[in-house]
Amino acid sequence: MPIMCKLPFNWQTTDEAVERGKSLHKVGCELLLLHKHSAEKINASISKKDWDSVKVIRESVSLPIIVDVGLSSKWEVDECIEYTGVQGVTASESLEGNPSLFCKKQPPVLDVVRQYLELCKVHPTSISNIKHHINGFCGFYLSRFHDLSTSLKEVQSLEGIEQLMEELGENISKLSGKELKSLTSLRRKKEWRKRGRDRKKEEGTKVVKERDENHIPKIVLKKLQKERVGNAMKSDAQRVAIDFTVIDCMLNKEISKLAGQLMRLYGCNMKSTSPVHLYLTGLETGGVVYRECERQSFDFTKILASVSEKSYLTLFDADDVVYLTPDSPNVLDQLNKDKVYIIGGLVDHQVRKDKTKSLAEEKGLCTARLPIDKYMELKDISPKKKKSGKHAFSIVLSVNQVFEILLKFHETQDWRQALGTCVPQRKGLVLKT
């Protein structure tokens, strides 16, 4: 009877694994199953960074070798076999999330779900396990439709799950080809990021900060952040408002980006040592931006900001309002606590010049622009790049970048530091000497 042995290894014990493999060969072992051993998990999957170690073991031990891999597509499996020279792979965890891993052509996700639910009818399975596997198969698509994702948590029958999957299929069929392609691309990126985080965790490459006497536990830090922002909302702190009444001309992808920018600027205000009183004005409950924020897991019921469906003109005196626009002739030199600084909630890929300026002037509002041209300039470009035409920079700032610049200046009272820290390098701007 052929004997197969499991052989644990990691990059630090490759030589030891080679010696063990040779010893097992001498005593009659005919097949080795390599699996990665880590402190946190006995059977951790082998990732791309381990392939060199696997190749060394395979070339040093005269036995057929199978490896337990953590890969999500057939071409990755083929690449692993070609690079390492192993005779085969096992992929238990990967198959749990993608049962069609070894198919040459990947079937539609919903076809996989339907086949799985048919098997659940033949072989009774607990509802909790079914939900777990459904989330593994199509959790990313469910997250695109917030209502269905919430309903899946509440449903308690196989029939209810089948109905939800039919609704998911109908919603996906309504997406345009471009939207579906974008969604698929985002899913793959998310999977790559997750695997990257898992590899860092397993290999212990993540730097652990040494705790010193001044270390603040995370739970205490969160409490301090909430207290700071809460105090800013109660006191006469600097007020900054995001205006969501300008979203009518925006495309769906621009709405999605705006929601992401809103989440980032909110996070910056929470972490700031000198937070401002943040207002979200003209944000219609159940509107497109509101729904997109919820889809991206932004819970408006828990945030520390003043959220209102009313326009900023209803909430504030027009004489106290300063609308920030890059087209304003007025340069913002200082922040005035008696003023409310309005940032237009606009993601404009077409760069409609004077749009926010004209809207503000129609209402008789004071406008201002950040002092970017006063403190920064376009960096020098090599003649070669000038000739190739690959030197174009976009100096249009996103909503969260404008907010971060204001926040940093509010903390430091230094425009050079605020602009140098918060303006991304890809904009091609550098501080003047």
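## Burial and surface

Of the 433 residues in the protein chain, 42% are buried, meaning under 20% relative accessible area with a 1.4 Å probe, protein chains only. The model is predicted: local features need pLDDT of at least 70 and side-chain atom pairs count only at pLDDT 80 or more, while totals for chains, interfaces and linings use all residues. Residues are numbered from 1 along each chain as its sequence is written, and side-chain values use heavy atoms, without hydrogens and water.

The protein chain exposes about 25,500 Å² (Shrake-Rupley method, 1.4 Å probe). Carbon and sulfur atoms supply 52% of this area.

## Helices, strands and contacts

The protein chain has 18 helices and twelve strands. Both are DSSP runs numbered from the N terminus: helices are H or I with at least four residues, strands are E with at least two.

A contact means heavy atoms within 4.5 Å. Among contacts between residues at least 6 apart in sequence, 72% join residues at least 24 apart.

## A four-stranded sheet

Four strands form an open sheet in the order β1-β2-β3-β4, with parallel pairing; two strands pair if DSSP finds at least two bridges between them. β1 (4-9) and β4 (88-90) stand at the edges with a single partner strand each, so one side of each has no neighbour in the sheet. On average, neighbouring strands of this sheet are turned by 30° against each other, direction ignored.

Six bridges join β1 to β2 (residues 31-36) in the parallel sense. Pro8 stands opposite His35 in β2. Helix α1 (residues 14-26) packs on the sheet and touches β1 and β2. The direction of α1 makes about 170° with that of β1, where axes are lines fitted to C-alpha atoms, for helices over the stretch in contact, and angles run from 0 to 180 degrees between N-to-C directions.

Conventions: Buried means under 20% relative accessible area, exposed over 50%, partly exposed in between (1.4 Å probe, protein chains only).
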